[in-house]
Amino acid sequence: MKYLEKLKPLWKPARALLPWAVLGIILFVAFYIRIQGVPNIPEGQFTGNDPYLHYWQAQIVSEQGKLPARDMRRWLPLGRDYGQSLNAYAYGVAYTHKALTTVIPNVSLYQVALFSPAVCFVFGLVVLCLFLYRTFGWLFSSVVGIFLATLPGTIERSAASFSDRDSWCLMLGIFAVITYLASGQTQSSRRRLLLTLASGFSVFLGGLSWEGFGVFVSVILVMELWRFLTSEKEEGLGLYAVWVCAFVPTLYLASPAYRSGEGFTTHHRCQFRENKCVFLLRKML
């Protein structure tokens with residue numbers, strides 16, 4: 001009994017460290033599950049099709065600073081208009097590699113592309129678990145973290161070398177939703193503005209990465225609609241307007257795909273006209 005009484009003063013610090021220890025274990029398990037097959041992958045290879053495309057685009061960005069206007073390796077003879085595709089993930093991989101080389105000179109672009117799906121998933125899981133821990137407690141946060149870390153569907157789409165931009169878009173979606181929710185929970189007007197801008201910037205990056213990123217935006221829209229219908233006071237409309245202005249005009253200006261989505265149809269139309277002219281010419285001859 002005396003021995004237990006001596007341990008009582010240590011219980012409070014240990015209890016405070018317990019949630020962080022559990023979170024660390026969950027993140028370690030999630031990352032280890034997703035990289036355990038890497039030693040069996042030959043150097044320079046991936047286990048999916050799309051990763052090769054994004055890795056090739058990242059090489060171009062790393063060498064030239066940006067992608068060219070057209071991809072002349074596809075849809076010949078006109079090529080594919082890069083302005084009609086959303087390639088923020090390739091830019092993210094390329095510039096992440098450049099940033100890491102300042103700290104780890106020996107890291108290669110291939111290694112960054114290889115491990116980026118698992119790393120992006122873990123970053124998104126960290127933000128989600130921290131928000132749930134602050135809102136609902138460490139037990140609920142741990143259960144959700146364990147569920148997402150071991151869910152077969154998430155493992156398949158975020159495993160190193162297989163997934164392409166899925167984990168990247170999931171991470172940006174979690175950033176967008178969580179920062180927006182956190183802005184509504186803080187009392188400081190300055191922090192609310194910063195969190196709102198961070199959410200809008202995450203939506204901006206997600207909009208430049210995936211055509212279906214509106215799935216995450218719809219979560220915020222539904223929440224705001226519910227708040228508007230159930231609340232008697234119209235609060236937060238100014239921050240909502242700031243959030244919308246953070247990505248709607250910027251996406252319109254940054255990507256031609258949001259100004260006119262005619263790249264694919266224009267190509268097919270030109271190809272159809274070219275094939276038709278060739279057919280008529282052969283028929284005349």
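Good morning. I begin with Ser-202, which counts as buried because its relative accessibility is 8%, where buried means under 20% relative accessible area, exposed over 50% and partly exposed in between, with a 1.4 Å probe and protein chains only. This is a predicted model, in which local features need pLDDT of at least 70 and side-chain atom pairs count only at pLDDT 80 or more, while totals for chains, interfaces and linings use all residues. Residues are numbered from 1 along each chain as its sequence is written, and side-chain values use heavy atoms, with hydrogens and water left out.

Ser-202 is placed in helix α8; helices (H or I, at least four residues) and strands (E, at least two) are DSSP runs numbered from the N terminus. Leaving out residues up to four places away in sequence, Ser-202 touches Leu-172, Phe-175, Ala-176 and Phe-213, a contact being heavy atoms within 4.5 Å. Between Ser-202 and Phe-247 there are 45 residues of sequence separation and 8.5 Å in space, C-alpha to C-alpha.

Helix α8 also holds Ser-199. Which residues does Ser-199 touch, not counting those up to four places away in sequence? They are Ala-176, Thr-179, Tyr-180, Ile-220 and Trp-243. Ser-199 is buried, since its relative accessible area is 0%.

A further serine, Ser-116, lies in helix α4, residues 109-136. With a relative accessible area of 9%, Ser-116 is buried, and beyond its neighbours within four places in sequence it is in contact with Tyr-89 and Val-93.

Val-93 leads us to the cores. A nonpolar core is a set of buried Ala, Val, Leu, Ile, Met, Phe, Trp, Tyr and Cys residues joined through side-chain atoms within 4.5 Å. The largest has 41 residues, and those with the most contacts inside it are Val-93, Trp-168, Val-203, Trp-243 and Phe-247. Two or more residues each come from α2 (50-64), α3 (88-101), α4, α7 (166-185), α8 (189-207), α9 (214-230) and α10 (237-254). Apart from this core lies another, of nine residues, among them Ile-26, Ala-30, Phe-121 and Leu-125. In soluble globular proteins, nonpolar side chains tend to be buried together.

Finally, the chain as a whole. It has 11 helices and two strands, and buried residues make up 36% of its 285 residues. Of the contacts with a separation of 6 or more, 71% join residues 24 or more positions apart. How confident is the predictor, and what is the mean pLDDT of the chain? The mean is 85, and 85% of residues reach 70 or more, pLDDT being the predictor's confidence in each residue, from 0 to 100. Over residues 264-285 the pLDDT is below 50. Where pLDDT is low, the predicted coordinates should not be read in detail. Thank you.
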